[in-house]
Amino acid sequence: MIVYLTYLTSAVVIITKWFDCTTTLKHINGIAMESNPIARALMYKFGIKGTVWFAFVVAVVVTVL
């Protein structure tokens with residue numbers, strides 16, 4: 001039972017992160033709107049979409065591990 005709850009929780013974390021990424025891409029109009037200084041620096045280097053989807057991939061990898 002605990003294994004299934006762990007899988008369910010992992011799936012929910014990944015799904016909510018996906019929603020976070022898609023809504024961020026819809027609502028952010030510029031890099032200056034980002035309040036996280038680390039994300040802002042990455043956005044200058046890799047662009048907004050690249051940074052958002054990189055954060056998603058990192059979240060998925062950490063959740064799966």
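Leucine 65 counts as exposed, at 85% relative accessibility (exposed is over 50% relative accessible area, buried under 20%, partly exposed in between, with a 1.4 Å probe and protein chains only). Leucine 65 sits in the segment after helix H3 (48–64). From its C-alpha atom to that of asparagine 29, 36 residues away along the chain, the separation is 33 Å.

A word on what you're looking at: this is a predicted model, where local features need pLDDT of at least 70, side-chain atom pairs count only at pLDDT 80 or more, and totals for chains, interfaces and linings use all residues. Residues are numbered from 1 along each chain as its sequence is written, and side-chain values use heavy atoms, with hydrogens and water left out.

**The overall build**

The protein chain has three helices and zero strands, running α-α-α from the N terminus. Helices here are DSSP runs (H or I, at least four residues) and strands are runs of E (at least two), numbered from the N terminus. The radius of gyration is 14 Å, while a compact globule of 65 residues would come in near 11 Å; that rule is 2.2 Å times the number of residues to the power 0.38, taken over C-alpha atoms. Along the principal axes, the C-alpha atoms fill a box of roughly 45 × 20 × 15 Å.

**Helix H1**

How many salt bridges does a search of the whole structure find? The search turns up one (a side-chain nitrogen of Lys or Arg within 4 Å of a carboxyl oxygen of Asp or Glu). Aspartate 20 pairs with lysine 17, with the closest N and O atoms 3.2 Å apart. Both lie in helix H1, three residues apart, or about one turn of the helix. In general, an α-helix has 3.6 residues a turn, so residues three or four places apart point the same way.

Valine 12 is in helix H1 (residues 2–27) too.

| Residue | Relative accessible area | Class |
|---|---|---|
| Valine 12 | 42% | partly exposed |
| Aspartate 20 | 36% | partly exposed |
| Lysine 17 | 23% | partly exposed |

At the start of H2 (residues 37–46), a side-chain oxygen of asparagine 36 comes to within 2.9 Å of the backbone nitrogen of isoleucine 38. After H2 comes glycine 47, with a positive phi near 90°.

Technical notes
Polar contact = N/O pair within 3.5 Å; in protein donor to acceptor, adjacent residues only side chain to side chain.
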